[in-house]
Amino acid sequence: METTYLEDLSRDGYVVIESVIGEQRIEKLRAAGARATELARSGQWPYVRTVGKQFPPWNPTVEKGIWGVQHLMHPDLPGNDVFVELYFAEDVLRIIRHLLQCEDEHLIMELFNMLVRPEQDFELRWHRDDIPAEAGPDEELQRLAHPAWHTQYNLALWEDESLVLVPGSHKRARTETERAAGPFEANLPGQLVVKLKPGDIAFYNNNILHRGVYDSRRERMTLHGSVGHVAGDALRARNVLQHGVGAWVQGCRLDVLEREGDRERARGMRQRLVDMGSVSGEVGYSLKG
């Protein structure tokens with residue numbers, strides 16, 4: 001079965017794996033997620049994604065509401081232990097090792113955030129996470145030719161139909177129709193809505209052509225994470241470090257992991273992120289808007 005996961009991801013640019021976590025863990029994560037969301041909406045947690053702004057940096061002012069909670073593993077966030085346990089869980093990392101075709105010693109801690117229901121409808125424009133919209137076909141192909149060197153995922157705690165993407169677009173430049181389309185085009189040829197049930201996880205190439213459509217009437221808590229491969233340090237540095245994770249990563253509480261083997265693996269992943277930051281210098285931001 002895992003062989004098909006890698007084949008699907010390579011061919012389509014995304015793969016959905018059902019029931020990765022069970023109801024008991026979902027309920028525990030929902031409780032921690034609800035608390036984090038409440039703190040964020042009330043302005044008591046400054047690391048948020050604000051409605052009206054698609055990419056970092058985000059201002060912590062939340063007058064228009066939020067669509068995401070950043071830095072779930074930050075040691076100052078109440079309930080961070082629940083998120084640390086999931087991010088470094090073997091049942092998730094086992095899939096990631098398979099998709100990256102690597103071992104534990106190659107894994108790099110990256111990002112773990114949560115996408116939530118906005119208080120007003122909000123949409124993201126069509127984009128690739130690390131290739132600007134202004135890039136021409138040659139530049140797109142050049143950037144897409146690099147191995148991804150990471151896995152990015154959405155793990156749903158409630159039913160989620162927010163991610164819209166164009167399968168296969170991670171391997172090609174945009175078509176003329178895609179280039180001419182408006183940033184919020186609702187019916188791009190070949191687009192697909194990724195449908196997740198609670199406990200399902202969608203892995204996707206972050207340079208697939210995609211967007212988000214967020215409905216203020218539907219509850220949403222979707223854990224949005226990424227794990228890197230050590231071979232991709234130079235390519236991944238900006239995409240990861242632009243979120244500010246380097247400011248607190250050393251304080252991430254790995255002692256909450258029960259098994260020493262899990263703690264050792266997590267310490268290695270964290271150190272590789274620290275090492276990435278120590279040699280990267282000023283990284284700037286991938287996209288504007």
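Trainee: Which residues of α4 are buried?
Mentor: Keep in mind that this is a predicted model, where local features need pLDDT of at least 70, side-chain atom pairs count only at pLDDT 80 or more, and totals for chains, interfaces and linings use all residues. Numbering runs from 1 along each chain as its sequence is written, and side-chain values use heavy atoms, with hydrogens and water left out. Buried means under 20% relative accessible area, exposed over 50%, and partly exposed in between, with a 1.4 Å probe and protein chains only. In α4 that picks out V92, L93, I95, I96, R97, H98, L99 and L100.

Trainee: How many of the 11 residues of helix α4 are buried?
Mentor: Helix α4 covers residues 90-100; helices here are DSSP runs (H or I, at least four residues), strands are E runs of at least two, and both are numbered from the N terminus. The helix is largely enclosed by the rest of the structure, because the buried count is eight.

Trainee: How are α2 and α3 oriented to each other?
Mentor: Helix α2 (residues 23-41) and helix α3 (residues 80-87) pack at about 135 degrees, with axes 9 Å apart. Axes are lines fitted to C-alpha atoms, for helices over the stretch in contact, and angles run from 0 to 180 degrees between N-to-C directions. Under 35 degrees is roughly parallel, over 145 roughly antiparallel, 65 to 115 roughly perpendicular and the rest oblique. The pair α2 and α3 is therefore oblique.

Trainee: Which residues of α3 make the contact with α2?
Mentor: Contact means heavy atoms within 4.5 Å. From α2 come R25, K28, L29, A32 and G33. Facing them from α3 are V82, F83, E85 and L86.

Trainee: Last one: which backbone oxygen does the side chain of S169 reach?
Mentor: S169 is in the loop between β7 (160-165) and α6 (176-180). S169 is buried because its relative accessible area is 0%. At 2.6 Å, its side chain reaches the backbone oxygen of V166.

Methods. Polar contact = N/O pair within 3.5 Å; in protein donor to acceptor, adjacent residues only side chain to side chain.
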